[in-house]
Amino acid sequence: ISNPEMFAFESEINKLADLIIPIEQGGDAFWYEAAQNVFKGIVYGLLEDYESNLSKNEEKGFKRDQFTFASIYNINSLSPEEFREFFLKRDIRSQSRKLVNTNVLSNYEPTGQMNRTLSSIMSTYVTSFNRFIDSASLQVTLKSDFLINNIKSKPTAIYILLPDEDKSRYPLASIIINQIYSKCVDLSSDNMSSPKNKDVHF
C-alpha cells in the first residue's frame, strides 16, 4: 500500500466499509462513521502487517491468502488490551493508527477498559460485522475459486447461489457483485479502445 496504487486501495476499502457498515437513515451518523473507521483501521493494520512481512522477505507472518473475514474477526476477538495494542504498536504515521486514534485509542479508561463512547462504537461495529461471521460465511470467504483480475480475459459466467427464502446472505452477495462491478469498470477504463473489451451482463 506504499506504492502509487494507494488511492485505488483506499477507494476499495472505503466502499467495503460502506457495504459492511452502512450508515442507517435516521440514525446518528457519528456511531456508524466511527464504526467504519474501526473496520478500516483493522484492514489497514492487516495490510501493513502483510507489507511488513514482504519487506522482510520472511516465510512466517501474515500472508495474502490469510486476508479474509476470518482474519478481521480474529482481531475483533482480542481482549481490550490486545485490541488497543494492535494499533498502538504501529508508527504514529500509520494509516491504521490514524483512523482509530480519535474514536478508539483516546477512549480507553486508565484501567485499559473501554469507556461508554468506545463501547457504543464497538457495539455498532460488531453488530454490523457479525452478519458476515457465521460459519458458512467464513468458510465461503476463505478463498476464491476465480481470479477477479482475469474476469474479462475470456468468456466467463459466475453464478451466486442463494436460497430464495433466506435474505441473510444478501449483504455478502452485494459485496461480491460490487467488487466484480468495480473491477470490470477498472479493466474497461484501462482498455477502452481494445477490441478485446467484452460486454458484461448482470
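## Salt bridges and helix packing

Glu48, Asp49 and Arg90 are linked in a network of salt bridges, a salt bridge being a side-chain nitrogen of Lys or Arg within 4 Å of a carboxyl oxygen of Asp or Glu. This is a predicted model, in which local features need pLDDT of at least 70 and side-chain atom pairs count only at pLDDT 80 or more, while totals for chains, interfaces and linings use all residues. Residues are numbered from 1 along each chain as its sequence is written, and side-chain values use heavy atoms, with hydrogens and water left out.

- The side chains of arginine 90 and glutamate 48 form a salt bridge at 3.4 Å, N to O.
- That pair links distant parts of the chain, 42 residues apart: arginine 90 lies in the loop between helix H4 (80-88) and helix H5 (95-101), and glutamate 48 lies in helix H2 (residues 29-56). Helices here are DSSP runs (H or I, at least four residues), numbered from the N terminus.
- Aspartate 49 also meets arginine 90 in a salt bridge, at 3.0 Å, N to O. Aspartate 49 is in helix H2, 41 residues from arginine 90.
- How covered are these residues? Arginine 90 and glutamate 48 are both buried, whereas aspartate 49 counts as partly exposed at 22% relative accessibility. Buried means under 20% relative accessible area, exposed over 50%, and partly exposed in between (1.4 Å probe, protein chains only).

**Another salt bridge**

- Arginine 93 and aspartate 91 pair through their side chains at 3.0 Å, N to O.
- Arginine 93 is exposed, with a relative accessible area of 63%, and aspartate 91 is partly exposed at 41%.
- The count comes to 5 salt bridges.

**Helix H3**

- Helix H3 (residues 69-76) is mostly covered, with 6 of its 8 residues buried. They are Phe69, Ala70, Ser71, Ile72, Ile75 and Asn76.
- At the start of H3, a side-chain oxygen of threonine 68 comes to within 3.2 Å of the backbone nitrogen of alanine 70.

**Where H2 meets H6**

- H2 packs against helix H6 (residues 116-129) at an angle of about 70°, with their axes 8 Å apart. The two helices are therefore roughly perpendicular to each other, a term for angles of 65 to 115 degrees.
- Residues in the contact (heavy atoms within 4.5 Å) include Phe30, Trp31 and Phe39 of H2 and Ile121, Met122 and Tyr125 of H6.
- By class, the contact of H2 with H6 has 12 nonpolar, 3 polar and no charged residues.

Terms used: Polar contact = N/O pair within 3.5 Å; in protein donor to acceptor, adjacent residues only side chain to side chain. Axes fitted to C-alpha atoms, helices over the stretch in contact; angles between N-to-C directions. Parallel < 35°, antiparallel > 145°, perpendicular 65-115°, else oblique. Nonpolar A, V, L, I, M, F, W, Y, C, P; charged D, E, K, R; others polar.
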